[in-house]
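Subject: Structure handover

Hi,

Here is the structure I promised you. Please open it alongside this note.

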Amino acid sequence: MEQLLLSLEQSTLGDAMRTWRWLYPIVNTAHIAGIALLFGSIVSLDLRYLGLWKSVGADGLARVLVPVAVSGLVLALLAGGMLFTTDARKYAAMPLFQIKLALISLGVVNAVYLARNRATTWAALISLAAWTGALICGRFIGYL
């Protein structure tokens, strides 16, 4: 595993992320934009599932917000992967990063459940907790 992480750091992408003046800030901005699309969509939909905005149909809201959330997730994952290459060994060893990945995985599994089943209060609460936790972990990583 250590060799794989080192290979990521020493890759052309990892080197470019560390040395090209504008690449890291552009990719970081893309990561944040993806998170905003994902989090904003998911929170809005989960709050609807929890009973807010009853005048708005949950199915219609989901048809609009789910594609936005998926687009945000894809953008955040791609950009996040690029950011990871800058110091893969350090990030992989951080418990907070590992928790973030676990929470993202929980959020994705829960989203697949919600897409295949009728929304429940518990699923909406799990979603809110997982995505909020992943967001908090991600922000804290920048300060540790």
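Below is what I found in it.

First, the ground rules. This is a predicted model, so local features need pLDDT of at least 70 and side-chain atom pairs count only at pLDDT 80 or more, while totals for chains, interfaces and linings use all residues. Residues are numbered from 1 along each chain as its sequence is written, and side-chain values use heavy atoms, with hydrogens and water left out.

Overall picture

The protein chain has seven helices and zero strands. Helices (H or I, at least four residues) and strands (E, at least two) are DSSP runs, numbered from the N terminus. The C-alpha trace spans about 50 × 30 × 25 Å along its principal axes. The chain has 144 residues, and 36% of them count as buried. Buried means under 20% relative accessible area, exposed over 50%, and partly exposed in between (1.4 Å probe, protein chains only). Take the contacts (heavy atoms within 4.5 Å) between residues at least 6 apart in sequence: 71% join residues at least 24 apart. The chain exposes about 8,700 Å², and carbon and sulfur atoms supply 69% of that. These areas come from the Shrake-Rupley method with a 1.4 Å probe; for residues, only the protein chains shown count as cover.

Helix H7

H7 covers residues 121–141. At 1.5 Å a residue, its 21 residues should span 30 Å, and its end C-alpha atoms are 30 Å apart, so the two agree. The expected span is 1.5 Å times one less than the number of residues. The buried residues of H7 include Trp131, Cys137 and Ile141. Which helices do the buried residues of H7 pack against? They pack against H3 (23–49), H4 (58–84), H5 (88–93) and H6 (95–116).

Ile126 also lies in H7. Its relative accessibility is 34%, so Ile126 counts as partly exposed. Leaving aside residues up to four places away in sequence, Ile126 touches Leu106 and Asn110. Ile126 and Ala111 are 15 residues apart in sequence and 9.7 Å apart in space, C-alpha to C-alpha.

Aromatic rings

The structure holds three aromatic pairs. The rings of Tyr91 and Phe97 have centres 6.1 Å apart and planes at 35°, so this pair is tilted. Rings of Phe, Tyr and Trp (its six-membered ring) pair if their centres lie within 6.5 Å; planes under 30 degrees apart count as stacked, over 60 as edge-to-face and the rest as tilted. Tyr91 and Phe97 are both buried. Ring pairs link Phe84, Tyr91 and Phe97 into a cluster.

Best wishes
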